[in-house]
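Here is a short briefing for a first look. Please have the sequence and the model at hand.

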Amino acid sequence: MHLCAGVILLLVPCVVLSVDRQKVFGNLHESASLPCTVQCSGELTWTRFQKQDDVLVMCSSVSCRSKDGFIVSYEQYLKGNSSLTMLKADYSLRGLYMAKCVSETVCEVVFTLSPLEMTRVIAPGEPIDVLLPHTDLVGVSFTASDAVQPSNLQICIMDKEKIQCIQDYKERASLLNTLQIKDGNVSDSGNYTVQDKVNDETLAIVTVHMREPCPDIKPCPDIKQQEGVPVWVVVLILMVLLLVSVLAVVSVMHVRLRREVQQLREKAENNGLPLLQQNGNGNHPGEESNLKNP
């Protein structure tokens, strides 16, 4: 007799909860909210994916505790809103954030910053300064305004204090707190895009306008910059202020003179003295008879 051993395999259905990953754009140095509207009956924690042992916020039925720079409203948490508020966003806070109820991930939010946008207007020969929010492996691409050159052409890559540029920019580009390109000319007009190579994010977009060289006969066109006040506006304001000051001084002197004359009249009337008036020949009353009788 043979003994047979039987193995019974039980197939148990496995339920995998999928979490919709959201992406939130914030503004530099402003507050941002990472949404999570899942009701948690146990303990809820917010962490970053890179540092899951570092708890940013922990909420329970009693209270919410948080690290500096982060907060979850306890009142809203009790109502089912577990959104995380970042008080002051910066580049070091970008990345994936996770909310867990007990040990189950209920929310995933990718936080990033909206690109900084600015405009520069320079004259031929002046340097072009491209803002670098940080220098941890970033690239700068250029798209010319006239579209003759290739669009989105990567011209330089920076990593900490190292800089590597294509041939046309090797002698012109230098790394300060910005990427500075010397000897700007008309062909440099266009958009300069600063790209984070690690996170594949756009950090800044700098639009550069170049003034055309001014001819001797025709007036030079004035391109308004987004920053600063035109010189003619300053001159006009100063002239208006000077005119107002002169009018104010003249008005005060006129009022003071009239007041002094009125005081003299009142003093003469109080003393019973008639006011002196000149006659036609310029003599005062009584002087004409004295002249006739020597």
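The points below go from the whole chain to single residues.

This is a predicted model, in which local features need pLDDT of at least 70 and side-chain atom pairs count only at pLDDT 80 or more, while totals for chains, interfaces and linings use all residues. Residues are numbered from 1 along each chain as its sequence is written, and side-chain values use heavy atoms, with hydrogens and water left out.

**Whole chain**
- The protein chain has three helices and 18 strands. Helices (H or I, at least four residues) and strands (E, at least two) are DSSP runs, numbered from the N terminus.
- Of the 294 residues in the protein chain, 28% are buried. Buried means under 20% relative accessible area, exposed over 50%, and partly exposed in between (1.4 Å probe, protein chains only).
- The protein chain exposes about 20800 Å², and carbon and sulfur atoms supply 56% of that area. Accessible areas come from the Shrake-Rupley method with a 1.4 Å probe; for residues, only the protein chains shown count as cover.
- Among contacts with a separation of 6 or more, 56% join residues 24 or more positions apart. Contact means heavy atoms within 4.5 Å.

**A three-strand sheet**
- An open sheet runs in the order β2-β7-β6, with antiparallel pairing. Its edge strands, β2 (32-34) and β6 (70-71), each pair on one side only.
- Two bridges link β6 to β7 (residues 84-86) in the antiparallel sense. Two strands pair if DSSP finds at least two bridges between them.
- Phe 70 has Met 86 in β7 as its bridge partner.

**Two buried residues**
- Thr 47 sits in strand β3 (residues 44-48). Thr 47 counts as buried because its relative accessibility is 5%.
- Beyond its neighbours within four places in sequence, Thr 47 contacts residues including Asp 54, Leu 56 and Tyr 97.
- Ser 189 lies in the loop between β16 (178-181) and β17 (190-196). Ser 189 is buried too, at 11% relative accessible area.
- The Ser 189 side chain reaches the backbone nitrogen of Met 210 at 3.1 Å. Not counting residues up to four places away in sequence, Ser 189 also touches Phe 142 and His 209, among others.

**A nonpolar surface patch**
- Trp 232, Leu 236, Val 240 and Val 244 make a nonpolar surface patch of about 420 Å². Patch residues have over 30% relative accessible area and no salt bridge; like charges are joined within 9 Å, nonpolar side chains (Val, Leu, Ile, Met, Phe, Trp, Tyr) within 5 Å. A salt bridge is a side-chain nitrogen of Lys or Arg within 4 Å of a carboxyl oxygen of Asp or Glu.
- Leu 236 belongs to helix α2 (residues 231-271). Leu 236 is partly exposed, with a relative accessible area of 46%.

How values were computed: A polar contact is a pair of N or O atoms within 3.5 Å; within protein, one must be able to donate a hydrogen and the other to accept it, and residues adjacent in sequence count only if both atoms are side-chain atoms.
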